[in-house]
Every structure is written in C-alpha cells, then in structure tokens.
Amino acid sequence: MTTRVLTAFWRISSGFKTPSQKILTINLRSSQLSAATQASIFEPIPREELVTKFKSRLRDRQFLPGSSGGGFPEFLAEPRDSFPLGVRVNNRNQSTLAELTAKCMEYVEENFPHSPAILFRDLPAKTAEEFSIIAQAIQGKTLTYEGGTAFRTQVDKSAGTYTASIDPPSYTIEPHNEMSFNDLFPSKVFFFCLKEAADGCGGETPLVKNKDLLSKMDPEVVQKFEEKQLRYVRYLPDKSRGEYMNWQHTFTTENREDVEPRAKQQGYSVTWDTNGDLYLWTNKDVFIRHPLTGEKIWFNQAHSHHGSYYKAMPTFLDTEIPDDKFPCHAYYGDGSVIEPEAIQHIRATAWECAVGFQWRSGDLLVMDNLAVQHSRIGFSGDRKVLAYLTA
C-alpha cells in the first residue's frame with residue numbers, strides 16, 4: 001500500500017474531511033487498479049512444485065557442523081505454511097524486466113509482514129546481465145559485501161551483484177542472518193538462480209524463520225546469551241600467507257590505512273600484529289527489534305561464527321589451529337568460552353526449523369534478512385546462485 005493510499009485510509013477512518021474529494025477518489029481508484037494489476041500478474045505456485053524430488057540428509061552429513069552431535073533431524077524438511085511463499089509472474093502485457101521488478105517489489109512490501117521469504121518464478125531473466133537489470137530496478141540503497149566472512153566475487157560492480165558463497169561445494173553452510181555480526185547489515189537479501197543443482201545433488205537454500213527458532217530454543221540458553229552478550233573475534237592474515245581469508249579480500253583494499261576506519265564503521269576494535277595480520281573484535285547483543293513489526297529478533301551468528309564451524313570444513317580438516325586463529329570465533333561478551341552443548345543446541349534447533357525448496361533457473365528469492373536465516377546444502381555438479389543486498 002502506498003503512502004498516498006495510507007493517507008487516504010487515515011482520513012476516512014478518522015473522519016477528516018479533505019477539501020478535494022476528487023483527490024481521494026483518484027487515490028482509491030489507483031489502489032483498486034494496483035490491486036487488479038497485481039492479481040493479474042501474480043499467482044501462487046502450488047506447494048508441490050517447490051518440493052524437491054529427493055530429500056537432503058542432515059543427520060551425520062559430511063561437512064555439516066554438529067550433524068553427528070545429536071538433535072539433528074534426519075532430513076531437510078519440505079516447504080510449509082507458505083514458507084517460502086512461491087509466486088509465479090505472468091507477463092501478459094509484455095512488460096520490461098525493470099517494470100516487472102518494480103511490481104515484484106510492490107508485492108514484497110505488501111506481503112513481507114506475513115511472508116518474509118518470497119520466491120518469484122518465470123520472470124523473463126536467465127542471465128547474470130538480466131539479474132543486474134533486476135538489481136538496478138530495486139529501490140533502496142545497495143550494500144556491498146565489504147567486511148563479510150565468506151569469499152564472494154563481485155559480478156557487476158555497477159549493479160552491486162555478487163556470487164553467493166564460493167566455499168567448497170561439498171560444504172554445507174549453516175543457517176544465518178547475513179552479516180548480523182556487523183553494525184552494517186542488509187535489510188533485504190536477494191538470490192538469483194543462474195543454474196540449479198541437478199536432482200538429488202543437493203544445493204538447496206534452506207530457510208529458517210527467526211521467530212520459529214527462538215520459540216524452540218531452551219530459555220536458559222537464550223537468557224545467558226542475552227545477559228552476557230556475544231563477542232565476535234576475527235583473524236585476517238595478510239594475503240602473503242595464502243590462508244583462507246585475508247584482510248585485503250575482506251576490505252577490498254591493499255592499504256592498511258583504509259582498513260581501520262572501515263572496520264570501526266562496522267563496529268570493530270582493531271589490532272595489527274608485527275606480521276601485518278589483522279585482529280578484529282566486537283561485542284553485540286544477541287537480539288534486535290524488527291523496525292517494521294517491533295518483534296524481538298534472535299539476530300546473531302553465535303554458531304556460524306564459531307571456530308567449530310570451520311573445523312568441519314574440508315579446508316581445515318586434520319589441522320591443529322587455536323580458536324583465535326580461525327577466520328572467526330565467538331565467545332560470551334565477557335570473553336568466557338561458550339559451552340559446546342549451547343552451540344550444538346542452537347545448530348540442531350535451527351536445522352529442526354529449516355525448510356528447503358526446489359530452485360529453478362531464473363528464480364528470484366527475496367528475504368527479510370532480519371526475519372529469515374538462509375543457508376546452503378552442500379552439492380555436487382554445477383550450481384550457481386548470485387546475490388544482491390540492500391540496506
């Protein structure tokens with residue numbers, strides 16, 4: 001609903017009399033026309049179309065942190081309760097891709113309060129260049145991935161599009177809210193499927209509602225995190241060391257003098273060692289308030305920012321590395337160690353809440369990053385998903 005229509009609604013409900021009844025009539029007619037247009041363009045995708053042919057195993061899955069530690073469901077669950085909400089786009093009027101994108105974003109704003117993950121299918125887009133058109137048609141400030149914790153390649157600098165994580169394909173990425181460890185994080189995350197993995201080869205993008213996760217977590221675990229806060233610690237060596245993640249890639253610069261102000265803007269304290277390696281740390285609350293709904297949101301990466309996350313990666317198998325030498329690690333806010341059983345509880349509960357869906361080439365997934373966590377099931381063969389972030 002547009003601001004103009006909201007204003008008209010307020011005037012009617014409050015009994016306020018506008019001097020020009022014509023303006024009110026025009027606004028209401030515009031609303032009716034908009035609703036009719038939306039109805040003619042969008043139709044629901046049957047749930048069965050979003051269900052994968054093969055269920056991906058979670059329990060005891062190789063390269064999935066904690067999967068052998070107890071509490072994990074055996075398989076990734078199917079979509080449920082219109083999560084994600086699947087919408088087919090009918091381009092009967094032969095609108096341009098930019099025009100359709102604008103209509104999709106109107107649909108998102110109207111439906112996000114109750115459907116925080118929406119999958120659009122059958123847009124006239126299949127390529128990275130067409131995803132750039134979509135990104136450039138989206139209103140809102142583009143957010144870069146500077147300061148992120150995973151390797152990503154920028155696909156189109158002018159449009160702000162990236163590859164999704166290029167971590168080893170066999171590795172399963174845990175559910176997380178994008179960049180929730182930073183002061184600067186996206187409000188919306190957009191994924192575009194260039195090529196879906198073949199049937200039975202994994203590659204789903206599991207989704208978790210934060211409120212579902214919080215409702216199933218042990219209140220004592222939640223209370224302890226809330227009281228102590230969370231401390232994120234990051235180790236970013238110089239790229240000359242050739243290790244997993246370096247500060248040059250993370251902050252997209254070769255100049256140390258550029259790093260400190262950028263890191264501080266994201267909320268970090270900064271320390272350099274004599275080898276030119278970078279250490280960052282920051283304390284954060286584990287909850288935030290959703291700016292639209294007012295809900296108290298579990299918004300952190302206690303488990304996916306934990307050193308045990310990296311210990312399960314193929315890159316770090318059979319290596320002896322202290323916790324503070326992993327790319328990321330997490331402690332309680334007072335610097336004390338988080339109990340392994342607390343981390344395992346968060347992991348198992350998140351996967352208990354997770355649902356997967358069937359990607360198709362050209363699909364556009366739009367997520368409320370404050371309300372929905374996303375992840376990636378390890379895969380074999382070809383799969384390519386692009387990303388775009390808005391503040």
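Which residues line the second largest cavity?

Reply: The model is predicted, and what follows is computed from it. The second largest cavity is lined by Val51, Thr52, Phe54, Lys55, Ser56, Leu76, Ala77, Glu78, Pro79, Glu204 and Gly356. By class, this lining has 5 nonpolar, 3 polar and 3 charged residues. Lys55, Glu78 and Glu204 belong to the lining, and they are charged because Lys and Glu count as such. Gly356 is also part of the lining; Gly is counted as polar. The volume of the second largest cavity is about 60 Å³.

To place this cavity in context, the count comes to 2 cavities of 30 Å³ or more. The largest cavity has a volume of about 320 Å³. Its lining consists of 28 residues, and those nearest the centre of the largest cavity are Ala150, Arg152, Ser165, Ile173 and His176. Three elements each give at least two residues to the lining of the largest cavity: strand E6 (173-176), helix H10 (307-311) and strand E16 (372-376). Sorted by class, the lining of the largest cavity divides into 13 nonpolar, 9 polar and 6 charged residues.

One annotation can be set beside this. An unreviewed UniProt entry places the feature "domain: TauD/TfdA-like" at residues 95-385.

Conventions. Residues numbered from 1 in each chain as written. Predicted model: local features only at pLDDT ≥ 70, side-chain atom pairs only at ≥ 80, totals over all residues. Heavy atoms only, no water. 1 Å grid on protein atoms, 1.4 Å probe; cavity = no way out; pocket = protein on both sides within 12 Å on 5 of 7 lines; lining within 4 Å. Points joined across faces, edges and corners; volume = space filled by probe spheres on them. Helix = DSSP H or I, 4+ residues; strand = E, 2+ residues; numbered from the N terminus. UniProt positions renumbered as here; feature names shortened; annotations may be inferred.
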